[in-house]
Amino acid sequence: MSFFKRLKESVSRTKESVTQKFKSGLEKTSASLVGAMDSVFSRSKIDEDLYEELEDILIGADVGVNTTMEIVDRLRAEVKERKLKNPEELKPLLSEILVEILKDGGSGMNLNPDGLTVILIVGVNGVGKTTTIGKLAHHYREEGKKVLLAAGDTFRAGAIEQLEIWGDRVGVDVVRHQAGSDPAAVIFDGIQAARARGVDILLCDTAGRLQNKVNLMEELKKVHRVIGREVPDAPHETLLVLDATTGQNAMQQAKIFDEATNLSGIVLTKMDGTAKGGIALAIRRELKVPVKWIGLGEKTDDLQPFDAEQFVHALFVEDIEKESKEE
Ligand SMILES: Nc1nc2c(ncn2[C@@H]2O[C@H](COP(=O)(O)OP(=O)(O)OP(=O)(O)O)[C@@H](O)[C@H]2O)c(=O)[nH]1
């Protein structure tokens with residue numbers, strides 16, 4: 001077999017396993033939605049009842065009222081323009097609109113090509129922040145990068161220990177201070193250590209207790225300032241971790257954290273459960289923040305870069321198995 005043929009086969013095998021993982025991870029989430037969508041597309045004609053049913057499904061899937069109205073208005077306009085009559089024809093059109101919304105502005109990570117990249121991770125307790133940091137560390141290590149973690153959630157001793165457990169698991173060092181110390185000081189030390197050790201990626205954990213919102217936000221602003229002062233153009237990414245199962249509540253969290261830290265992306269965790277996923281569209285549209293990763297389980301490699309097409313096809317419109325076979 002020629003080299004190129006072998007290469008092509010290996011690329012297609014990798015692609016298949018990623019697609020498969022995405023699909024099986026989203027199985028529970030997608031099961032009810034795809035079914036509901038299919039009932040819309042199998043209606044006898046395109047009329048007001050159809051649009052209403054579609055609105056109900058989208059709102060029920062956490063897409064949010066404003067974003068749902070915008071999607072349905074766009075759909076209506078396109079139907080008129082293209083003179084569509086058959087509800088089946090709405091399927092690719094809706095998928096096109098949803099993908100366009102999710103792709104707006106891109107979803108890739110902004111990494112510093114020649115030097116240290118600082119990634120700040122924020123989010124409330126229990127959403128999967130520590131787990132996400134562990135998974136990201138693993139992801140970048142697998143890419144051959146040198147990774148370091150900074151234990152900026154100094155509020156609880158347990159949080160520091162949990163990060164150390166993840167550090168051990170994925171073979172990455174953790175810079176830490178004692179519980180109760182100043183998070184900005186830990187992050188400062190993390191940056192110095194990262195520089196001294198020639199680290200490529202520094203992942204910074206932060207506290208997430210929303211009970212004391214004002215203090216937490218002041219603390220995050222200070223951490224953000226310290227990073228910006230020490231490393232030009234940093235943080236290169238400020239990722240908010242959101243538990244997808246919390247639905248519209250996630251939107252509130254995103255607004256609060258965006259004000260304090262100017263978010264560059266979202267990690268949507270627990271999408272392997274029964275989350276509805278539409279929150280990705282609401283956040284993208286209303287806060288202009290893209291989803292960059294999705295969490296599909298508790299294991300080290302259960303974090304996938306966000307792929308708008310696969311997401312829309314798995315969740316809303318079509319079975320992606322069919323899609324991948326057609327490729
Ligand atoms: N099913 C599933 N579980 C997840 C995912 N991500 C995280 N978890 C689980 O969610 C729980 C909370 O995760 P943590 O990483 O401890 O959350 P945290 O935000 O750091 O929480 P604190 O340590 O309380 O600040 C753990 O049991 C994780 O295993 C995911 O994508 N899918």
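Reader: Which residue is the bridge partner of Val267 in strand 7?
Author: This is a predicted model, so read every value as computed from it. The bridge partner of Val267 in strand 7 is Trp293.

Reader: How many bridges join strand 6 to strand 7, and in which sense do the strands run, parallel or antiparallel?
Author: Three bridges join them. Strand 6, residues 265–269, and strand 7 run parallel. Now follow the chain between them.

Reader: What about strand 8 and strand 7, parallel or antiparallel?
Author: Antiparallel, over three bridges. Strand 8 covers residues 303–305. In this pairing, Leu303 of strand 8 stands opposite Gly295.

Reader: Where do side chains point in a strand?
Author: In a regular strand they alternate between the two faces of the sheet.

Reader: Is strand 7 enclosed or open, and why?
Author: Count its buried residues. Strand 7 spans residues 291–295, and five of the five are buried, so the rest of the structure largely encloses this strand. For the whole chain of 327 residues, 44% count as buried.

Reader: Which residues are closest to the ligand?
Author: The closest are Gly128, Lys129, Thr130, Thr131 and Gly295. In total, 20 residues surround the ligand.

Reader: Which helix gives the most to that shell?
Author: Helix 6, with three residues. Helix 6 runs over 129–142, and both it and helix 7 supply at least two residues each.

Reader: How many residues of each class are in the shell?
Author: Sort them by class. Twelve are polar, five are charged and three are nonpolar.

Reader: Which residues does Arg169 contact, leaving aside neighbours within four places in sequence?
Author: Gly134 and Thr300.

Reader: How far apart in space are Arg169 and Lys103?
Author: They are 33 Å apart, C-alpha to C-alpha, and 66 residues apart in sequence.

Reader: What should I look at for the whole chain?
Author: Start with the secondary structure: 13 helices and eight strands. Residues 24 or more positions apart account for 76% of them.

Terms used: Residues are numbered from 1 along each chain as its sequence is written. This is a predicted model: local features need pLDDT of at least 70, side-chain atom pairs count only at pLDDT 80 or more; totals for chains, interfaces and linings use all residues. Two residues are in contact if their C-beta atoms, placed from the backbone, lie within 7 Å. Helices (H or I, at least four residues) and strands (E, at least two) are DSSP runs, numbered from the N terminus. A residue is buried if 20 or more other C-beta atoms lie within 10 Å of its own, exposed if 12 or fewer, and partly exposed in between; C-beta atoms are placed from the backbone. A residue is near a molecule or strand if its C-beta atom, placed from the backbone, lies within 6 Å of it. Ala, Val, Leu, Ile, Met, Phe, Trp, Tyr, Cys and Pro count as nonpolar, Asp, Glu, Lys and Arg as charged, and the others, Gly among them, as polar. Two strands pair if DSSP finds at least two bridges between them.
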